[in-house]
Amino acid sequence: MNLKPLLLLPPLALGVAGFMWMTSGQDTQPQTREEARLAVRVMTVKAGALPLSATGYGRVAAMHSWTAVTQVDGRILDLVGDLAEGTLVEENTLLVQIDKTDFDLAIQKSRANIAAAEAALTELDREEENARRLLALEESIRVVAQAEFDRVRDLVDRGTSTAASLDTARKALLAQENAVTQLTNTLDLYPARRASAEATLAVRQAELAEAERALGNTTMTAPFRGRVAEANVEVGQFVRTGEQLLTLDAIDAVEVVASFQPQVLASVVQTSLGQSIAETTEVDATKVVDLLKQSGVTASVRLDLAGGAARYPADIIRFRGTIDSETGTIGIAVRVDDPFLAGGPARRPPLNVGGFVSVVLEATSPEDAIAIPRSAVQQADDGTPFVYVADADDRLQITPVVLGPVADDRILVRDGLVAGDRLVLSAPRPPIAGMALSPVDVDGESK
């Protein structure tokens, strides 16, 4: 008898019994899974004043520079002691003395010529005076001759005198009239002769003034307190008109024309004005200085040193007026007074001409300004900027924003955020509006 089929019955019975037991119990409710939350870093948006700065670079230059150029020929007789590059001289200090012997002689000659011209003019006055007296005398004689002629003519008419006597009287009258005419003509020439003499005197006086001016040009003095920047002269050297002898830089003030990126400069100006003007890379050259001062922008010059930097207060004085065609930068000139006052609490060194420095323009944003990290700003496909915000239910909200100027690693927000909003700093992946978040603030505290 074959018993193998019977061996399958026990497992089959157990399977049926287990199925009936599992299906015979009460229905159980399915378990619900808790919604997953994405951990993100957030910061609370705050409003407040934000310090802003723009940095440009340039070299220190003298505010005023004077070059001594010879205006006369001559030999150098004397120089200021120890005349060399770097020599400090006070105002009105004698710098160069050129031999003035030839110019003294020229002055003496001019004075002698003036004396001769004045004597000639005096002589002319005397001649004119004598000629007028002589004319009066000759006129009196002519009157007598005329009377004699009239008398003789009357006698001739009455037959008591001869025609020869009348001719003699007429001849004497004509001779006297000729003398009067000659003297009158001579007197008419005196104004022209006087004008010529006066012109000669003026020429001689001009020659004297020229000689005296040339004599003054033999001495060169410092027009201001300064430092010798260049010296090309020695005692005994013969110089000619137009040669450059030395250059003097004023030390009461220096200037720096620093180059700024237009965007950086515009950010400082716009923010200091309360974000009331449109952002632009062009600035009106006729109003930029007034605009910067109106906006409360201050300037300082910074000199980098080993282990630190020295700061010098500066005053904005002018705008270069053009944008550099190669670098695209804008030039702003600032002035530093008393650059050689060294030491003090800051232990700063003197600000020497030629040094490479940075110029820092600083301003402060309005008290209600909102600034966020630049890294928190996202950009949509169409270029619209937006940020991620955690709402009151800790869900992701995508908020468009209107951005303002950039301040280092932060950017001002003109619209879209208010104080108290929680800004998401770490971008969720993938970003789904309404997704649940687990905010972690920047101080590490979890809600």
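In which strand does Arg302 lie? Arg302 lies in strand β12, which spans residues 298-305. The model is predicted: local features need pLDDT of at least 70, side-chain atom pairs count only at pLDDT 80 or more, and totals for chains, interfaces and linings use all residues. Residues are numbered from 1 along each chain as its sequence is written, and side-chain values use heavy atoms, with hydrogens and water left out.

**Chain overview**

- The chain has 5 helices and 23 strands; these are DSSP runs numbered from the N terminus, helices being H or I of at least four residues and strands E of at least two.
- Of the 447 residues in the chain, 33% are buried (buried means under 20% relative accessible area, exposed over 50%, partly exposed in between, with a 1.4 Å probe and protein chains only).
- The accessible surface of the chain is about 26,800 Å², and carbon and sulfur atoms hold 53% of that area (Shrake-Rupley method, 1.4 Å probe; for residues, only the protein chains shown count as cover).
- Among contacts in the chain with a separation of 6 or more, 75% join residues 24 or more positions apart (contact means heavy atoms within 4.5 Å).

**Arg302**

- Arg302 counts as partly exposed because its relative accessibility is 23%.
- Beyond its neighbours within four places in sequence, Arg302 is in contact with Thr55, Ala309, Ala310, Arg311, Val357, Ser358 and Val360.
- Ala314 is 12 residues from Arg302 in sequence, and the C-alpha to C-alpha distance is 10.0 Å.

**Aromatic pairs**

- The whole structure contains 2 aromatic pairs (rings of Phe, Tyr and Trp, the last by its six-membered ring, with centres within 6.5 Å; planes under 30 degrees apart are stacked, over 60 edge-to-face and the rest tilted).
- The ring centres of Tyr57 and Phe356 are 6.1 Å apart and the planes are at 5°, so this pair is stacked.
- Tyr57 is in strand β2 (residues 51-62) and Phe356 in strand β15 (residues 356-364), so the pair ties together parts 299 residues apart in sequence.
- Tyr57 has 43% relative accessibility and therefore counts as partly exposed.
- Phe386 and Tyr388 have ring centres 5.5 Å apart and planes at 75°, so this pair is edge-to-face.
- Phe386 is buried, with a relative accessible area of 14%, and Tyr388 is buried at 5%.

**Helix α2**

- Ile141 is found in helix α2, residues 101-158.
- With a relative accessibility of 37%, Ile141 counts as partly exposed.
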